[in-house]
Amino acid sequence: MEQRRKSRFAARRFLFEELVKRDFKRKYKGSVLGVAWSVLSPLLMLAVMRFIFTNFFGRTVQHYTTYLFAGLLVFEFFSDSASAGMRALVGNAGIFTKVNVPKYLFLFSRNMQSLLNFLITLLVFFVFCAIDGVPFTWKFVLLVYPIMTLALFNLGLGFILSALFVFFRDLEYLWAIATRMVMWGSAIFYTTETFSPEMKLVFRCNPVYDHIDYVRQVVLDGVVPGWELHAILAGASLAVLAVGMGLYKRYNTEFLYHV
C-alpha cells in the first residue's frame with residue numbers, strides 16, 4: 001500500500017514537472033526574445049505609465065518609479081496567473097478526457113509558470129529600487145509573506161475561474177472587464193491618501209490593492225505592516241482557495257461532459 005502511494009506520488013510529480021516545462025515553453029514558442037518578455041512586458045507598461053502620470057502624481061510621491069513598479073509587479077502577477085488559470089481545464093481537455101489524471105495539476109502548472117515569471121521580474125524590481133535610491137533593509141524578507149498569500153489567492157481564483165469557464169465560455173469576456181476594474185481600483189499609479197475613510201475601506205475590499213499596499217509599506221516606508229493587513233491577506237487567500245477547491249470537488253466528474 002505504501003509502495004503504491006509513493007509510486008502514485010512520483011508519477012504525479014513527474015507529470016506536474018512536465019506540465020510546467022510544457023507551459024513555460026509554449027508561452028514563448030516562436031518568440032525571438034523568449035522569456036525576456038516576462039521582464040519587458042511590465043517594464044514597457046512601467047515606462048508608459050510613468051510618462052503619463054508623473055506630472056500628476058510623481059511630484060507628490062517619493063520614489064514614484066518604485067511606487068509605480070510595485071503596483072504593476074503585483075497586479076501583473078495576479079492578472080497573468082488568473083487569466084492563465086482560467087483556461088487550465090479547457091486548454092488541457094484533450095489530456096484529462098483520455099487519461100485519468102488529477103485535474104488540479106493543470107492549474108498548478110499554470111500558476112507555477114506565472115510564479116516563475118513573477119520571480120524573474122522581482123529581481124528586476126530590486127534593481128530599480130537600488131537605482132531609485134530606495135534603502136534595502138532586513139524588512140525586505142517580509143515580502144515572502146505577500147508573495148505566498150497572493151500565490152494562494154491566485155490558485156484559489158484559478159480554481160474558481162477554470163471551473164466556471166468550463167460551463168460559461170462568456171466568462172472570458174467578463175473577466176477581461178473585471179481585470180480592468182481591478183487594475184483601476186488598485187491604486188497602481190495614484191495614492192489613496194486624499195480619499196475619505198469610507199473609500200479607503202472600499203479599497204481594502206480589493207485583495208490586489210491589499211497586497212500592493214503591503215509591498216509598498218515594506219519597500220518604500222520601511223515598516224512592518226500591522227497585524228490587520230497580515231490577517232486580511234491570509235483571510236482573503238484562504239477563503240478564495242477554500243471556495244475554489246470546493247468547486248473542483250463538487251464538479252470534478254462533470255467537467256468531462258462539458259469541455
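Q: Where does Ala187 lie?
A: In the loop between helix H7 (171–184) and helix H8 (197–204). Helices (H or I, at least four residues) and strands (E, at least two) are DSSP runs, numbered from the N terminus.

Q: What kind of model is this, and how are residues numbered?
A: This is a predicted model: local features need pLDDT of at least 70 and side-chain atom pairs count only at pLDDT 80 or more, while totals for chains, interfaces and linings use all residues. Residues are numbered from 1 along each chain as its sequence is written, and side-chain values use heavy atoms, with hydrogens and water left out.

Q: Back to Ala187: buried or exposed?
A: Ala187 counts as buried because its relative accessibility is 1%. Buried means under 20% relative accessible area, exposed over 50%, and partly exposed in between (1.4 Å probe, protein chains only).

Q: What about its phi?
A: Ala187 has a positive phi of about 50 degrees, although it is not a glycine. Most residues other than glycine have a negative phi. His63 also has a positive phi, of about 55 degrees, and is not a glycine.

Q: Where is His63 found?
A: In the loop between helix H2 (37–58) and H3.

Q: How far apart are the end C-alpha atoms of H3?
A: They are 33 Å apart, which agrees with the span that the 23 residues of H3 (residues 64–86) should have at 1.5 Å a residue. The expected span is 1.5 Å times one less than the number of residues.

Q: How many residues of H3 are buried?
A: 20 of its 23, so H3 is mostly covered.

Q: What share of contacts comes from residues 24 or more positions apart?
A: They account for 76% of the contacts in the chain with a separation of 6 or more. Contact means heavy atoms within 4.5 Å.

Q: What is Val208 in contact with?
A: Leaving aside neighbours within four places in sequence, Val208 is in contact with Val74, Phe75, Phe78, Val182 and Ser186. Val208 is found in helix H9 (residues 207–221) and counts as buried, at 1% relative accessibility. Val208 and Ser79 are 129 residues apart in sequence and 9.7 Å apart in space, C-alpha to C-alpha.

Q: And Val240, where is that found?
A: In helix H10 (residues 227–251). Val240 is buried, with a relative accessible area of 17%. Leaving aside neighbours within four places in sequence, Val240 is in contact with Phe153, Gly156, Leu157 and Ile160. From Val240 to Phe153 is 87 residues in sequence and 6.2 Å in space, C-alpha to C-alpha.

Q: How many disulfides does the structure hold?
A: Zero, where a disulfide is a pair of cysteine sulfur atoms within 2.5 Å.

Q: Is Cys129 buried or exposed?
A: Cys129 counts as buried, at 0% relative accessibility. Cys205 is exposed, with a relative accessible area of 64%.
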